[in-house]
Amino acid sequence: MDEREMELLVQKAKNKDTEAFTAIYKTVYRNMYQFAYYTLGNQQDAEDAVSEAVMDAFYGLHKLQEAKAFKSWIFKILTAKCKRKLKGYLTKTLPLNVDLETSAVNVEENMDVRNAFLRLNLKERMIISLSILSGYKSIEIGQILHMNHNTVRSIHSRALEKMKVMLKS
Amino acid sequence: MNDKDINQRIKEQSELLEIPDALKPEQIKNKLDEQQKNEMPNKKIKYYKCGFLAAAVLLLLIILPMPKFSGDIETSDTIPTASSYKSIYKMLSSYQKSLMNDYLDGGALPEGAVAETMQASLADTESAAAVSSGSGDFSQTNIQVEGVDEGDIIKTDGNYIYILDLEKQLLQIVKAEGETITPVSKIELTEQKDGDSNNQDSQFYNYQYYSEFYLEQDRLLLISTASNPIYDTEASASGSNLIAPYWSYESNSTIISIYDISDRTQPRIIKTLEQDGYYTSSRKADGILYLFSYYNAYLEAGSEKPELYIPYTDGSAIEENCIYIPEYVNSTGYLVITSVDIHTPDRFQSELAVIANPYDYYVSSENIYIANGINSENSEIMKFSYKDGSITPIATNEVPGITNNSFSFDEYNGYLRVVTTVYGSTQSNNLYVLDNELNIVGRIEDLAEGEQIYSARFFGDTGYFVTFKRVDPLFSVDLSEPEKPRVLGELKISGFSSYLHFYSENLLLGIGYEADPQTGRTTDIKLSMFDISDPSNVKELDKQIIPNAYYSPAVDNHKSVLINPQKNILGLMFYMQKQTNTVYTDYRTYQTFSYNEESGFTQEISHAMAPSIYMESRGLYIGNYLYIAEGSSRISIYSLTDHTLLSEWTD
């Protein structure tokens, strides 16, 4: 989709043209779901986060000033959705966060990348997802997550280190 | 396997994820069509209108030509204050307009709100007494600058141990007498602020989370950030009357809760002070707390509502002449700085705000320095004096590059030394010496191209910093002539240190990672001891690699390190992983080390920590007892004489 086409679609979608909106959505929904899934580590929550973000985006599209920024814009909404869910996780301590527990994992059985990824803690997953799946830089991630970019950087590299250890076999 | 491979594999894996049907474009379209039929546009959005600003003035055109200053400094490099709230609004919104595509969502990456205008109350000057008291020989939080205290989650005063347990939502006070721990009291903390329980979104914007605390004689200061949802008072009673959906604008306030703990069994809250913005950092010096928060303005409601774009402290807006506008408006938010006299905390003693994008905070024994991010290649450094709690802007100047953390700064004899990394197509590293008005008087630039700074530490006329890509050059720099800093030496070893600590006049300790010199890939955690007796010929005397340790909080949080060279003790926690056949096991240990030049590092205590998810831990000592606190769940007491486990207390 070229820029002009995108602009046109956004313009239409701003006028609540669901067809146009869906066409734009088509270009990002896979990445959105991947991002949410890897951040939250839970299908249902990921689905909810994406669908909430999409609704908010549709109704708030008039705030998007430049069509070509659609992707990063909708990712920011999605990030906010995920963050909210994460805050809920943090207070409730879901069983999901197995990463730092003394846990034995049978490598041969299920130690693929996805599992390794899900064994990272929430912050690490969030940062990796933001950087790999939506392409943010550490300074931008820091702004989104309200963290010092250096902390972002060190968590990022620590997370990759952890994954390397988990994946080496 | 390198990072690129991992990235690639994550990407590939994620391609395989099955997308739930409900998210497929057709389904989404149906859902939208359905909604369109049933209701008019969502009420959440009716409040604002886009395109509210006609004149899209490019940034920087409206700097107020009025370097009006409370101090008597005449340099032109001081920051002008605002003339009116409306002029601030104009500036913020024109910046917002000019923002690049990434930040189009109507503002608001951050949050917050602070303010208040106060007369300084006279502090009782006796409070400047030494921080330590009690039995004398006990550990303090590992801080950067002597006399400038930093908050933490676990502290001791020599008699009691105070533990902020974020998992259990409480602050536990226990009495520590030798090997006996006696619980004394608990302060229960609530995470969820009262909210509208009928609104399921309410949990998202009614929360309070705790960061750290301070001790000052019989006072305990607890710092937290709370959501501060802004409601539209004119909205109808039906439905959500939040002024903006929580994802588009998050408003926070930083809360200091001051407890009287003269009776440790009954901590009593005596004062709560609130400033706009989420908590970013703080320091305590001479009985006064200096608090930094970041407040993001909400501009969509227009210039008629200053309560939405001017930070408040203690319920009132910061006055125009206390709001500073830097040369580069680079943010739609403010750094808010306040001071509180801990002994007479009836109000903020001093407060001000600066439009900024602050990212590092360094406080010397006299001044506050803030790194304000302009872009990935330049920072502005802002300097404020803070004598007796009164915060005064002194100067500001721009330097190339980004600082690594507060250890990238050091003030000595009126000069500020700062090391930065320029992130660009080619990375490089710089050192600058700035005089007391922040004029750059000396510089070394373009060091270690392609690398970045991982740690720095200064000792009088000498500075040390570590850059890294594949091997670790530890640079030593002579700063005895501020105008002519020069590199004295460059020690190349494998791995790198991300924390440096002077262990004695001649010894510098580094905590970091070992790395493969061929690939630069980091392996295990490493401790290094450098001989700095001749700064032009620094040597790595000893190194201790901790096998299986893939991470230690010490590498990015100096406060997690227990260190006292006089007592010859170093304590830190490790995250470890070992492999038996095909099974990996994760575990954590707390270990202490001593060091002497003959035998190098000696591991003395190795404590297996309980498996847990997010538990923050610290080691502390009182006299000859080491206390390892794993949150407030377990405290293990070791003898520092023979390193045996004496007893264990669990809650």
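1. Of the 169 residues of chain A, 53% count as buried, a residue being buried if 20 or more other C-beta atoms, placed from the backbone, lie within 10 Å of its own. This is a predicted model, in which local features need pLDDT of at least 70 and side-chain atom pairs count only at pLDDT 80 or more, while totals for chains, interfaces and linings use all residues. Residues are numbered from 1 along each chain as its sequence is written, and chains are lettered from A in the order in which they are written.

2. Chain A has nine helices and one strand, taken as DSSP runs (helices H or I, at least four residues; strands E, at least two) and numbered from the N terminus. Their order along the sequence is α-α-α-α-β-α-α-α-α-α.

3. Helix α3 of chain A, residues 43-60, spans 25 Å from its first C-alpha to its last, close to the 26 Å expected (1.5 Å times one less than its number of residues). Its buried residues include A:Ala49, A:Ala53 and A:Phe58.

4. The axes of α2(A), residues 18-40, and α3(A) come within 9 Å and cross at roughly 145 degrees, where axes are lines fitted to C-alpha atoms over the stretch in contact and angles run from 0 to 180 degrees between N-to-C directions. Among the residues that meet there are A:Phe21, A:Tyr25 and A:Met32 of α2(A), and A:Ala46, A:Val50 and A:Val54 of α3(A), contact requiring C-beta atoms within 7 Å.

Key: A residue is buried if 20 or more other C-beta atoms lie within 10 Å of its own, exposed if 12 or fewer, and partly exposed in between; C-beta atoms are placed from the backbone. Two residues are in contact if their C-beta atoms, placed from the backbone, lie within 7 Å.
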